[in-house]
Amino acid sequence: MNKFLHTLLFFIFIFFITKNAFSEYIPNIIGTWKGINKSYSEEKGYRTWEKKITITEQNERIFKGNFTYADGEKNFLGTIRSNNRNFYWVSPESKGYIHGEILNINKIEVCYTEAYRGAAVGCSILKRLKD
């Protein structure tokens with residue numbers, strides 16, 4: 001019985017250590033990401049263009065960076081959700097929102113939505129560039 005109790009306690013201990021180790025994992029999304037964006041707005045119609053974003057800083061789930069697009073460059077700040085898969089970002093210079101998903105360590109999907117006047121939507125699959 002003593003051996004059984006020790007074995008049981010050992011597995012319970014391993015379970016809690018492993019559970020805590022994996023629950024603390026937060027994906028690192030720092031880097032430059034590039035891909036093709038397809039968008040639509042009443043004002044500009046259907047458009048396809050190259051999108052490049054750079055995530056320059058990350059502190060746990062919070063990150064910031066900038067992106068370039070057909071009309072220039074904007075800064076943004078964002079957060080990764082606790083599921084370690086979905087994220088959001090906003091730009092102080094824009095009215096819309098980005099909803100994103102981490103598809104794998106080197107691929108993300110980002111979708112832009114903006115309502116009201118100037119309404120627009122668009123999505124792109126971005127791949128992390130090698131340094």
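User: What is the torsion about the S-S bond of C111 and C123?

Analyst: A disulfide is a covalent bond between the sulfur atoms of two cysteines. Here the S-S torsion of C111 and C123 is about 115°, so this disulfide is right-handed. Their sulfur atoms sit 1.9 Å apart (the cut-off is within 2.5 Å), and the count comes to one disulfide. Bear in mind that this is a predicted model: local features need pLDDT of at least 70, side-chain atom pairs 80 or more, while totals for chains, interfaces and linings use all residues. Numbering runs from 1 along each chain as its sequence is written, and side-chain values use heavy atoms, leaving out hydrogens and water.

User: Which parts does the pair C111 and C123 tie together?

Analyst: C111 belongs to strand 7 (residues 107–114) and C123 to strand 8 (residues 120–128), so the bond links parts 12 residues apart in sequence (strands are DSSP E runs of at least two residues, helices H or I runs of at least four, numbered from the N terminus). C111 is buried at 18% relative accessible area, whereas C123 is partly exposed at 32% (buried is under 20%, exposed over 50%, partly exposed in between, with a 1.4 Å probe and protein chains only).

User: How many aromatic pairs are there?

Analyst: A ring pair is described by the distance of the centres and the angle of the planes. The whole structure has seven (Phe, Tyr or six-membered Trp ring centres within 6.5 Å; stacked under 30 degrees, edge-to-face over 60, tilted otherwise). One of them, F63 with F76, is edge-to-face at 6.3 Å and 75°. Both residues are buried.
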